[in-house]
Amino acid sequence: MKLEALDDVRDSAFFKGLEDGDLALLAESFHEKELQEGTTVFVENMPGETLYLIKSGAVRITKMMAEGEDKIVLVLGPEEVFGELSIIAGGQRTATARVAENGILLSLSRRDFDTLCERHPRLGIKLIRNVAEVFSRRVRESEQDYYDMLRWAMRRNSSSKELL
């Protein structure tokens, strides 16, 4: 992929502090894919090995709740990244991602990221720092949702006991 392919997403938090030379190196590692609304990008608990950057469209991130219900955790749009931990830590996906609006995703595999980091360690450090910032921001933002879910579960549990 050429540097111009990243023009629409240059302001992404994933690219924070990167210069044109860094972006040109990174562009070579990304793959572009056009996806239709409803397409599943990945499913909770499956192995994760790819980071995604939304070039256009929207992606809905959901979490499996009790009794098979999905809870929408986030709806992401252009320039936003998801699946970011998979290129650093691997492991299983912690949520499901589905295309909410036709669009184009840019993907970066863990293998390509590792190769990039070996060849360009300074760039790798910048990217890891950016991933940490994105992840930290999401954790802080989701803390309130977590407490709201706990309160809901506690109220639901109390109501169930009262019916007995």
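This is a predicted model: local features need pLDDT of at least 70, side-chain atom pairs count only at pLDDT 80 or more; totals for chains, interfaces and linings use all residues.
Biologist: OK. And what percentage of the residues are buried?
Modeller: Of the 164 residues in the protein chain, 38% are buried.

Biologist: Where is F135 found, and how does its accessibility come out?
Modeller: F135 is found in helix α3. F135 counts as partly exposed because its relative accessible area is 35%, which falls between the 20% and 50% cut-offs.

Biologist: Staying with helix α3, which residues does it span, and what about K126?
Modeller: Helix α3 covers residues 121-163, and K126 is in there.

Biologist: A lysine, so is K126 buried or exposed?
Modeller: Buried: K126 has a relative accessible area of 17%, and the cut-off for buried is under 20%.

Biologist: What is K126 in contact with, away from its sequence neighbours?
Modeller: Leaving aside anything within four places in sequence, K126 is in contact with G17, L18 and D22.

Biologist: Switching to charges. How many positive and negative side chains are there?
Modeller: The protein chain has 23 positive and 29 negative ones. The centres of those two sets lie 4 Å apart.

Biologist: Now the fold. How many helices and strands?
Modeller: You get 3 helices and 6 strands. Reading from the N terminus, the order is α-β-β-β-β-β-β-α-α.

Biologist: And what box do the C-alpha atoms fill?
Modeller: Roughly 65 × 30 × 25 Å, taken along the principal axes.

Biologist: What fraction of the contacts join residues at least 24 apart?
Modeller: Counting contacts between residues at least 6 apart in sequence, 73% join residues at least 24 apart.

Biologist: Let's look at T50. Where is it found?
Modeller: T50 is in strand β3, which runs over residues 50-64.

Biologist: Buried or exposed?
Modeller: T50 is buried, with a relative accessible area of 16%.

Biologist: Which residues is T50 in contact with, beyond its neighbours in sequence?
Modeller: Skipping those within four places, T50 is in contact with G83, S86, I87, R93, S107, L108 and S109.

Biologist: And how far is T50 from D112, C-alpha to C-alpha?
Modeller: Their C-alpha atoms are separated by 9.4 Å, while T50 and D112 are 62 residues apart along the chain.

Technical notes. Residues are numbered from 1 along each chain as its sequence is written. Side-chain values use heavy atoms; hydrogens and water are left out. Helices (H or I, at least four residues) and strands (E, at least two) are DSSP runs, numbered from the N terminus. Buried means under 20% relative accessible area, exposed over 50%, partly exposed in between (1.4 Å probe, protein chains only). Contact means heavy atoms within 4.5 Å. Lys and Arg count as positive and Asp and Glu as negative; His and the chain ends are not counted. The place of a charge is taken as NZ of Lys, CZ of Arg, CG of Asp or CD of Glu.
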